[in-house]
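Hi everyone, thanks for coming.

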Amino acid sequence: MIRRTLLAALASLGLAGAAEAQTLRIGLREDPDILDPTLARTFVGRIVFASLCDKLFDINERLEIVPQLATGYAWEDPKTLRITLREGVRFHDGEAMDAEAVRYSLNRHLTMQGSFRRSEIGTMEAVEVVDARTIRIRLKAPSSPFLSQLTDRAGMIVSPKAAEAAGRNFGNAPVCAGPYRLVERVAQDRIVVERFPDYWDAGRVHIPRITYLPIPDNTVRLANLQSGALEVVQTIEPDDIKTVQRNSRLRVVAYDELGYQSIAINIGNGPRANTAFARDPRIRAAFELAIDRQAISQVVYEGVYAPTAQPIPPASPFHVPGFAPEGRDVARARALLREAGVTGPVPVEMTVPNNPDLRQVGEVIQAMVQEAGFALKLNAMEFASSLQAANRGDFETYLVAWSGRVDPDGNTWTFIHSQGGQNDGKYANPEVDRLLDEARVETDAAARRALYARIFELSLRQDRSRIYLWHRKNIVAHTARLSGFVPIADGLIRPQGLRLN
């Protein structure tokens, strides 16, 4: 406790010294990865992108798709989408944001080596420039989720001139059409952005400068908010809500998230998938049956997070009500291990992002699965580094969250499909692929929900490709001097409309 208090005091002193008048200082849970919307993966990176890179479309608090860089759209037929663009939009380098820039950006997302957007918009066949303010997107097949993908990084438009000049280094100095432009980034320390005077919606941008500060320790992050060294913290833990509520100088907003916490499993990604755990779904089933989701939520998160067995949250019309977590059953878990021919403790390693609450989650799971016959080793890593390790297959299991998307395809296809850009474990089942592809073109809500029910039975119950643990909440705390914050279920902190009084 003394060490944490000292860390908080030192962090507060350093942040206060760096602060400037009318700078909004936002504490992030981790340091973002690369600031290139084509190559980025982290949720905290999306928070920074909200200031740097506008998208063709956004979502509002009712989860409706609304225009941003676009002014509207129309489906000319089930495979042809026509989008009209705003006039007078400029990139941070002064170049015009026009239809050619949109064509360039979408093709970059689709074709760039290492793109994590490819699997999101992979159904796109061609982008045509109709005129300077109009594009036409032709799809290979009808796609129910396609428009929703343009509300996130796949819909972010970059300056072609800057992207061509920078190449793979574009993420070091991204040039987009957002309300702020990048001033500096110091890894593991700060990201500073300043208001872009030629922003198309400048009348809604009131704060001159934002500094994003990665502070992985929850206690230190909250202490900096309490001391006035931060104006906003991206998230606090559920057991800190009452602490914030008792402070008249602070406010807290807790609301449902679109995403989930899960355990990814390396089934076929390189040498580290050469384990009994990876080869035999009975062993993975035993591991899952040894976990008590509700108990973990209660111990670590005050029972605030709702246990789940699927990636689609209950508020979604595509949630499958009948697909619920199995109760903890240590006896059945042991029986499955015997059936699999396991005679001693099964060694498994779990990569855990180096945050206090997630390390505690890992420790609770470690104790639970030990009772069933597993020897779980925890490997704590800095979050962006853990994502890179997972992508190259350097993991066995990985405690990882996803912030969620409005359309269920955004929570499923990229993680479960064999061609999914974020299928780090390289799980593959041709029937699951077929069903996921079918769900992308199905327009009837009930029929899509039935498809996801079948997908979950195969990929999660039969194959045990991933373990979903709970749906989280966004819990944002901020100074009472801040007004204009609009809670939206994707958890982003949008700078438009924010004021410091």
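Before that, some housekeeping. This is a predicted model, where local features need pLDDT of at least 70 and side-chain atom pairs count only at pLDDT 80 or more, while totals for chains, interfaces and linings use all residues. Residues are numbered from 1 along each chain as its sequence is written, and side-chain values use heavy atoms, with hydrogens and water left out.

Okay, the disulfide. A disulfide is a covalent bond between the sulfur atoms of two cysteines. The structure holds one, counting a pair of cysteine sulfur atoms within 2.5 Å as a disulfide. Which cysteines form it? They're cysteine 53 and cysteine 176, with sulfur atoms 2.1 Å apart. The torsion about their S-S bond is about 55°, so this disulfide is right-handed. Cysteine 53 sits in the loop between α2 (43-52) and β2 (57-59), and cysteine 176 in the loop between α5 (160-166) and β8, so the pair ties together parts 123 residues apart in sequence. Those helix and strand names come from DSSP runs, numbered from the N terminus: helices are H or I with at least four residues, strands are E with at least two. And are the two cysteines buried or exposed? Both cysteine 53 and cysteine 176 are buried; buried is under 20% relative accessible area, exposed is over 50%, and partly exposed is in between, using a 1.4 Å probe and protein chains only.

Next, the helices. The axes of α10 (residues 293-301) and α12 (residues 356-372) come within 10 Å and cross at roughly 140°. Axes here are lines fitted to C-alpha atoms, for helices over the stretch in contact, and angles run from 0 to 180 degrees between N-to-C directions. The contact (heavy atoms within 4.5 Å) includes Ala295 and Ile296 from α10, and Leu358 and Val361 from α12.

Last, the backbone. Most residues other than glycine have a negative phi. Glutamine 188, though, has a positive phi of about 65° and isn't a glycine. You'll find glutamine 188 in the loop between β8 (180-186) and β9 (190-195), and it's partly exposed, with a relative accessible area of 45%. Lysine 426 also isn't glycine, and its phi is positive, near 55°. Lysine 426 is in the loop between α14 (409-416) and α15 (430-441), and at 41% relative accessibility it counts as partly exposed.

That's me done, thanks!
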